[in-house]
Amino acid sequence: MTDGHLFNNITLGGRGGTNPGQMKMYSGGVLWKRQGGGKAIEVDKADIMGVTWMKVPRTNQLGVRIKDGLYYKFTGFRDQDLATLTTFFQNTCGITPEEKQLSVSGRNWGEIDLNGNMLTFSVGSKQAFEVSLADVSQTQLQGKNDVILEFHVDDTTGANEKDSLMEISFHIPNSNTQFVGDENHP
Amino acid sequence: GDNRSAARTSTELFAYKNINDLPPPREMMIQIDQKNEAVLLPINGSMVPFHVAFIRTVSSQQDTNRNCYIRIIFNVPGTPFSPHDSNSMKFQGSIYLKEASFRSKDPRHISEVVQSIKTLRRQVVARESERAERAT
């Protein structure tokens with residue numbers, strides 16, 4: 001096997017929209033570079049804690065979770081790239097990408113899962129969306145059952161998007177037993 | 001759409017069956033998919049669909065700095081006349097997304113979104129309640 005795979009048209013997702021770029025996987029880890037320069041993300045293979053693979057509309061998304069809890073999402077892989085990526089992560093990091101499914105049912109009720117600094121909202125064990133807690137500026141408890149998450153806002157908010165998420169709230173009924181008696185969660 | 005003609009109750013309503021039924025990813029902005037009765041919200045770099053029937057209210061507001069805000073409130077159990085009260089038994093223990101607020105750069109787009117959601121929601125709710133009435 002040659003040292004390295006190159007993938008074009010891979011976008012880095014996250015708050016603030018998406019950025020197109022190019023991704024390189026090599027023996028030392030993974031490297032993503034923004035198209036036209038600027039931002040680059042380099043992850044050493046030793047820092048990779050987990051890898052996920054998810055089918056998203058018309059393409060595929062690779063999730064890379066690193067040591068400090070950060071989670072990068074790279075979108076734009078073809079179905080046939082899964083085999084290459086699986087081999088790469090197995091050989092380089094000893095990690096097998098874990099497959100996730102995306103919920104498109106449009107329901108607003110489900111489960112919340114906290115992993116690293118990601119909060120995942122899933123419907124019927126499929127992921128509906130995730131937000132990074134690093135983007136949360138404040139959480140508030142409203143009444144007994146509602147939790148509000150406010151997101152950081154500054155001049156760069158919305159650089160690549162027209163509409164930017166400012167706030168979400170979750171309603172946790174009394175019948176939920178997952179977060180009983182823990183005022184700091186979710 | 002035809003694929004939902006079998007839906008009988010709000011618990012069975014869904015926006016999409018398959019991932020590739022979603023509209024092609026475009027600009028990161030709130031979109032309405034009339035055909036599938038869905039509202040797509042840009043959350044963390046992804047377009048996240050919600051069926052319009054699960055939306056309770058939508059409102060917009062503009063501040064002095066010409067920023068425009070939109071607030072979408074979803075149905076949750078325990079509110080009066082909430083159609084979810086029948087579901088909440090079925091999905092006990094679930095956590096609900098209650099509200100999502102966005103800031104927009106485009107007030108005209110936001111007023112269109114508010115109008116479209118209101119109209120679409122009215123149509124769907126009317127159809128569903130008619131269907132429920134016929135069933136009894």
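A: In this predicted model, E9(A) and E10(A) form a hairpin with two residues between them. Gly116(A), located in the turn, has a positive phi of about 60 degrees. The two strands run antiparallel and are joined by five bridges, and E10(A) covers residues 118–123 of chain A. Within this pairing, Glu111(A) stands opposite Ser122(A) of E10(A).

E9(A) also pairs across the chain boundary. Two bridges connect E9(A) with E6(B), and this pair too is antiparallel. Here Gly110(A) has Ile95(B) of E6(B) as its bridge partner. A further strand of chain A, E14(A), is joined to E6(B), residues 95–104 of chain B, by eight bridges, again in an antiparallel arrangement. In E6(B), the residue opposite Asp163(A) is Ser104(B).

These pairings belong to a contact between the chains that takes 45 residues from chain A and 45 residues from chain B. On the chain A side, at least two residues are supplied by each of strand E5 (48–56), strand E9 (109–115), strand E11 (126–132) and strand E14 (163–171). E14(A) gives the most to this side, with nine residues. By class, the side of chain A that touches chain B has 16 nonpolar, 17 polar and 12 charged residues.

Helix H2 of chain B (residues 107–135) has 29 residues and reaches 42 Å from its first C-alpha to its last, close to the 42 Å expected at 1.5 Å a residue. Ile110(B), Val113(B), Ile117(B) and Arg121(B) are buried in H2(B). The cover over the buried residues of this helix includes E6 of chain B, together with strand E1 (31–33), strand E2 (38–43), strand E4 (55–62) and strand E5 (68–74) of that chain.

Chain A as a whole has one helix and 14 strands. Its radius of gyration is 18 Å, close to the 16 Å that the globule rule gives for 186 residues, so chain A is as compact as a globular protein of that length. The C-alpha trace of chain A spans about 60 × 35 × 30 Å along its principal axes. Of the 186 residues in chain A, 33% are buried. Among contacts in chain A between residues at least 6 apart in sequence, 35% join residues at least 24 apart.

The domain assignment divides chain A into domain 1 (5–100) and domain 2 (111–171). The C-alpha centres of domain 1 and domain 2 of chain A lie 22 Å apart. In chain A, 10 residues of domain 1 are in contact with 12 residues of domain 2. The side of domain 1 of chain A that touches domain 2 has two nonpolar, five polar and three charged residues.

One residue elsewhere in chain A also has contacts in chain B. Gly14(A) is found in the loop between strand E1 (5–13) and strand E2 (19–26) of chain A. Leaving aside residues up to four places away in sequence, Gly14(A) touches Lys73(A), Asn44(B) and Gly45(B). Gly14(A) counts as buried because 21 other C-beta atoms lie within 10 Å, where the threshold is 20 or more. The C-alpha atoms of Gly14(A) and Asp154(A) are separated by 15 Å, and these residues are 140 residues apart along the chain.

Conventions
Residues are numbered from 1 along each chain as its sequence is written. Chains are lettered from A and ligands numbered from 1 in the order in which they are written. This is a predicted model: local features need pLDDT of at least 70, side-chain atom pairs count only at pLDDT 80 or more; totals for chains, interfaces and linings use all residues. Two residues are in contact if their C-beta atoms, placed from the backbone, lie within 7 Å. Helices (H or I, at least four residues) and strands (E, at least two) are DSSP runs, numbered from the N terminus. Ala, Val, Leu, Ile, Met, Phe, Trp, Tyr, Cys and Pro count as nonpolar, Asp, Glu, Lys and Arg as charged, and the others, Gly among them, as polar. Two strands pair if DSSP finds at least two bridges between them. Domain bounds come from an automatic or database domain assignment. A residue is buried if 20 or more other C-beta atoms lie within 10 Å of its own, exposed if 12 or fewer, and partly exposed in between; C-beta atoms are placed from the backbone. The expected span of a helix is 1.5 Å times one less than its number of residues. The radius of gyration is taken over C-alpha atoms; the globule rule is 2.2 Å times the number of residues to the power 0.38.
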